[in-house]
Amino acid sequence: MAAEALTEGLNVPVPAKLVGAGLSGTKADAGLSQTDRNAPSLPLEALPALPIASEMFRAFNECGLRYGIIQDLASLQDGLAGRDDLDVLLDKHDYAAFCSIVSKLHGCRGVSLSCYDNVCAGREDWFLPDFSHGRYLHLDMHIGLRVGWEFRKRYPVFDYATITRWEPICVDGVSIPVVSPEDEIRIAIARFAFRAWALPWRQWITVGYAWRDQFARLPFPSSEQSVDVVEYMFAGGKAVSCRFVQDADGLVVHRGDLARLRRAIREVCGFTGRYEIADAGIHLARKTTYLALRSLQHLMPGRFPPKRRPAAGGFVVALIGPDGMGKSTQAERLTQIFRWKFGCAQAYVGTGDGNGWWLRKALQTLVFPHRRRLKSLVQHNNDNSLSRNWSKGGFVAAALALWAVLIAFERYAVVKRAHRWATRGLIVICDRWPQAICRGYLDGPTIPPHLFSIPGLSALARLEQRLYQKMTECRPHLTLHLVSDFAVSEQRKPGEIRKEAFDARLSLMAELRSKDKNILTIDASAGIEAVGQELFRHIWLSL
């Protein structure tokens with residue numbers, strides 16, 4: 001490696017360039033601790049920022065919040081567009097004002113399990129919705145920036161006062177303070193110091209892979225003939241410098257300097273002795289738990305709490321409407337949107353092409369081509385003939401009754417599972433939801449009424465009715481009705497449903513809304529994006 005050859009045997013970097021000196025525990029230079037208002041704005045042309053981002057930062061500036069973005073500009077663009085996290089460092093005294101602002105913007109706080117790496121004091125997940133785009137921002141908010149092992153970030157080294165300089169950027173006419181390159185490299189090297197690894201005989205450690213993104217803006221051009229130095233000033237006048245070299249492979253840092261930096265950080269935070277061994281052990285235990293839990297979540301979805309959930313807990317949403325209203329499409333879109341940062345699952349309560357029991361789907365594949373003839377056999381056999389002898393129609397009627405009970409049990413299992421997932425913290429998007437007031441429509445009971453008088457079949461009919469009554473008592477937290485006219489359904493799914501059946505479903509939905517005033521209606525005749533944004537808005541405001 002070129003850097004290894006350049007720095008071999010080097011103890012004191014004579015031609016080294018000083019990157020910056022930070023203060024941990026003492027106030028930085030008053031002339032540099034605030035945002036440089038006269039500094040030129042960094043160019044971020046054609047930034048695809050969500051409107052809620054500029055609205056939020058404008059509110060921060062008007063309220064006088066002391067805050068700044070502590071991430072490289074490349075990921076900042078994705079963060080402002082709602083495709084990545086936004087790392088925000090906030091002054092502790094402005095926390096109450098921050099909560100007030102994001103609450104007015106319908107912000108929601110996320111809660112994570114303690115075994116994950118992003119759970120530490122002074123750090124919170126906040127999410128702000130952008131209803132005009134049907135997306136949300138993720139704010140990775142830090143009161144004090146902690147460093148340490150990936151699953152053991154216990155050392156608070158940086159806070160707002162320790163950042164020596166902020167550089168403003170302009171996004172949609174709003175000035176946003178971003179950490180300077182000098183402070184960015186100080187923070188990145190302090191983080192890397194606890195995660196560095198190399199062979200024992202190597203004096204210089206290469207910063208590679210994802211860590212290269214932490215050095216997107218170096219404070220000066222690369223020089224192959226000099227060693228650069230980043231300096232840290234701690235409480236009590238203790239100074240630590242860390243040497244690094246830029247080469248074709250990226251960045252290499254001196255191993256001994258990283259070790260001294262780790263010891264200094266631990267001493268400043270009040271941890272001396274064998275805490276390094278304890279940190280490694282706790283990190284290993286938490287990472288093992290994390291990997292095991294993630295593996296179990298993939299093998300058994302919904303059986304374990306998700307990585308992150310809304311602070312108010314899980315939530316069950318049901319999308320109901322006639323065929324052609326876009327229920328399945330919207331359920332998939334909403335699941336993708338919320339699954340970006342929250343635990344989210346999709347449930348299907350119908351008997352169509354969605355997920356279901358393999359036994360029911362196998363039988364349905366066999367019977368589906370003959371369904372009309374089988375129903376005709378049942379309808380043309382009157383009650384007396386069925387009760388006197390088991391004719392061909394009688395056997396078909398019994399089979400259909402058993403089929404209806406099988407579907408009822410499957411739907412009951414899906415409904416109960418959806419609520420179990422919600423108690424574990426998941427947002428559950430349900431395509432359809434059973435009702436018990438009308439047979440044959442909107443996933444209600446399907447055994448015909450004239451079979452109730454037959455001794456054997458009446459027991460099955462009562463069992464089916466009892467299951468649907470239990471499902472009715474187990475209501476979703478939010479029910480959304482997708483409504484439109486028949487022309488829209490016919491255009492999207494030609495021949496899927498007759499107008500009489502379509503009108504019967506709309507009439508039944510109106511009856512359901514008269515019984516439950518909390519059911520909301522959505523005009524499904526608009527485009528997919530417009531309907532999705534409206535659904536997203538109602539779900540978010542109900543979380």
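Is Tyr-136 buried or exposed? I looked it up: Tyr-136 has 1% relative accessibility, so I noted this residue as buried. Buried means under 20% relative accessible area, exposed over 50%, and partly exposed in between, with a 1.4 Å probe and protein chains only.

I am working on a predicted model, where local features need pLDDT of at least 70, side-chain atom pairs count only at pLDDT 80 or more, and totals for chains, interfaces and linings use all residues. Residues are numbered from 1 along each chain as its sequence is written, and side-chain values use heavy atoms, with hydrogens and water left out.

Next I searched the whole structure for aromatic pairs and got 23. Rings of Phe, Tyr and Trp (its six-membered ring) pair if their centres lie within 6.5 Å; planes under 30 degrees apart are stacked, over 60 edge-to-face, the rest tilted.

I opened Phe-98 and Trp-126. Their pair is edge-to-face, at 5.9 Å centre to centre and 90° between the planes. Phe-98 is in helix α4 (residues 95-104) and Trp-126 in strand β5 (residues 123-130), so the pair ties together parts 28 residues apart in sequence. Helices (H or I, at least four residues) and strands (E, at least two) are DSSP runs, numbered from the N terminus. Phe-98 is buried at 1% relative accessibility. Trp-126 is buried too, at 7%.

Then I took Phe-127 with Tyr-136. Ring centres are 5.9 Å apart and planes at 80°, so I logged edge-to-face. Phe-127 is buried, at 0% relative accessibility.

I followed the ring pairs onward. They link Phe-127, Phe-131, Tyr-136, Phe-338, Trp-340, Phe-342, Phe-536 and Trp-540 into a cluster.
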